[in-house]
Amino acid sequence: MTVTRAPDVLRFAPSPTGRLHLGNARTLLLNALTARKRGGRFVLRLDDTDRARVREEYAEAIREDLAWLGLVPDVEVRQSDREALYRDAFARLLAAGRVYPAYETEEELDRARRLARASGRPPVYDRGALRMTDARREAYLAEGRTPHWRFRLSDGRIGWDDGVRGRQEIDLGSLSDPVVRRDDGSFLYVFTSVVDDVDLAVTEVVRGEDHVANTAVQIDMFAALGAAPPAFAHHNLLTTADGAGLSKREGSLSLGALRERDVEALAVAAYVALIGSAEAVRPVADLDELATLVDLKRLSRAPARIDEDDLQALSAKTLHGLDHAAVASRLLALGVGGGAAFWEAVRGNLARLDEALDWWRIATEPLPETAERPSDEDADFLAEALERLPPEPWDETTWKSWTAALGAATGRKGRALFAPLRLALTGWPHGPELAKLLPFIGGARAAQRLAPRG
């Protein structure tokens, strides 16, 4: 009998409280590409339980960022639509005695933490709510206090084989019982994430190493709910150039800002997926190729610093390797014509795709009065070049035959032959191969540009 193995299920679970930055994109790509590599399923889960900070505009921005990167989730869910699941799971934990009400205010908890630190003790919640008398509870209720709810952690240690960090063990006694429900009745991430992972049959959770302690807590919650935990893998984090952690307030490193600066999405994907790993950061042809390079076991344990210059350079290299089909719609939106032939002519000289429009205008529109011109010393040479312009139609062989004849007639060669022609024809001292660009300039414009200015 053949046993069919259930597909791997991985998820990305952002909170729509700000724009995704490169650090978020690292978690996103490692999950999505690992699922793709294994032939599994990729889930987008919007963790929108923080009513005060969640904005619908950020939820839509997350979808736009995924689409820009070329990622299409197999499933999308929102925690705000799953309240019934959380209430049911909470009721089961309550019946099992694993959650309890606590009435301390945030100010009281903060004061207790400061006193613990001053006494040389770890700032761990002392479970004072479990020792509360009925009289004290009645007094709090009379004050109008509404309880928040904590999950009671088990005794002992929790261990797991981490997909990046290897064997991990944490003493639950070193952690505070986590708050799982706020005093307004809403549930917190540490709890809802577990309920969702069970319901969505998530098989592996790939997230930043700042969640390691959460993992011990959540494994204990899985057990309390009678569910097997998924596998866990905690990747190294990305930092800014000066070593600071990334934040949704880091606007310049948000995916939206990079998109506005015309950084290539495929370059962003390759950069955040490969940096800080044993695999060299390099251009890739598509996400399928990138998925083959992602290996969680080859990630470094050290943080990886973002170098925006390196990202820009990778973007340019990525652009140079894209065929016309990959950029055709974007070129059309810019107003760039010429099809694959024009793209082949200019792509190697572009740092950003929008620069293709500059070269399209150079090739097909009159040069501006401010365009650079050859020196007066080249006037006779340009007159000879004009005289020897070959008849149309032109193709990629025209440049070679024209300049060969011109060189033979004038005795010029190398830079003395080519530099004045490039400057006269394009207004730039450097740029795409003129053999490929010249047919788009055409005979009439070439003649006009070679003629002396009157």
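Student: Where does Ala267 sit in this predicted model?

Tutor: Ala267 is in helix 9, residues 265-274.

Student: Why is Ala267 called buried?

Tutor: The cut-off for buried is under 20% relative accessible area. Ala267 has 0%, so Ala267 is buried.

Student: Which residues is Ala267 in contact with, leaving aside its neighbours within four places in sequence?

Tutor: Leu311, Leu314, Ser315 and Thr318. Contact here means heavy atoms within 4.5 Å.

Student: How many Å separate the C-alpha atoms of Ala267 and Leu94?

Tutor: They are separated by 48 Å, and the two residues are 173 residues apart along the chain.

Student: Asp262 next. Where is Asp262?

Tutor: Asp262 lies in the loop between helix 8 (255-260) and helix 9.

Student: What makes Asp262 buried?

Tutor: Its relative accessible area is 17%. Buried needs under 20%. The value of 17% is under that cut-off, so Asp262 counts as buried.

Student: What is the phi of Asp262?

Tutor: Positive, about 65°, although Asp262 is not a glycine. Arg127 also belongs on the list: its phi is near 60°, a positive value in a residue other than glycine. Arg127 lies in the loop between helix 4 (106-118) and helix 5 (134-143).

Student: Which residue follows helix 1, and what is its phi?

Tutor: Gly39 follows helix 1, with a positive phi near 70°.

Student: How do you know that the span of helix 1 agrees with its number of residues?

Tutor: Helix 1 covers residues 22-38, which is 17 residues. The expected span is 1.5 Å times one less than that number. That gives 24 Å, and the end C-alpha atoms are 24 Å apart, so the two agree.

Student: Why is helix 1 called largely enclosed?

Tutor: Because 14 of its 17 residues are buried, helix 1 is largely enclosed by the rest of the structure.

Student: What is the hand of the crossing of helix 6 and helix 7?

Tutor: Helix 6 passes helix 7 in a right-handed crossing.

Student: Which residues of helix 6 and helix 7 meet?

Tutor: From helix 6, Tyr189, Val190, Phe191, Ser193, Val194, Asp197 and Val198. From helix 7, Asn214, Val217, Gln218, Met221 and Phe222. By class, that contact has eight nonpolar, three polar and one charged residues.

Student: Why are helix 13 and helix 18 called oblique?

Tutor: Helix 13 (residues 339-346) and helix 18 (residues 434-450) pack at about 135°, with axes 8 Å apart. Roughly perpendicular ends at 115 degrees, and roughly antiparallel needs over 145. About 135° falls between those limits, so the pair is oblique. The crossing is left-handed.

Student: Which residues make the contact of helix 13 with helix 18?

Tutor: Helix 13 gives Ala341, Phe342, Glu344, Ala345 and Val346, and helix 18 gives Lys436, Leu437 and Phe440. By class, there are six nonpolar, no polar and two charged residues.

Student: Last one. Which peptide bond is cis, with omega near 10°?

Tutor: The bond from Glu392 to Pro393. Pro393 is in the loop between helix 15 (379-387) and helix 16 (398-410).

Methods: Residues are numbered from 1 along each chain as its sequence is written. This is a predicted model: local features need pLDDT of at least 70, side-chain atom pairs count only at pLDDT 80 or more; totals for chains, interfaces and linings use all residues. Side-chain values use heavy atoms; hydrogens and water are left out. Helices (H or I, at least four residues) and strands (E, at least two) are DSSP runs, numbered from the N terminus. Buried means under 20% relative accessible area, exposed over 50%, partly exposed in between (1.4 Å probe, protein chains only). A crossing is left-handed if the near helix is turned anticlockwise from the far one by less than a right angle, and right-handed if clockwise. Ala, Val, Leu, Ile, Met, Phe, Trp, Tyr, Cys and Pro count as nonpolar, Asp, Glu, Lys and Arg as charged, and the others, Gly among them, as polar. Axes are lines fitted to C-alpha atoms, for helices over the stretch in contact, and angles run from 0 to 180 degrees between N-to-C directions. Angles under 35 degrees count as roughly parallel, over 145 as roughly antiparallel, 65 to 115 as roughly perpendicular and the rest as oblique.
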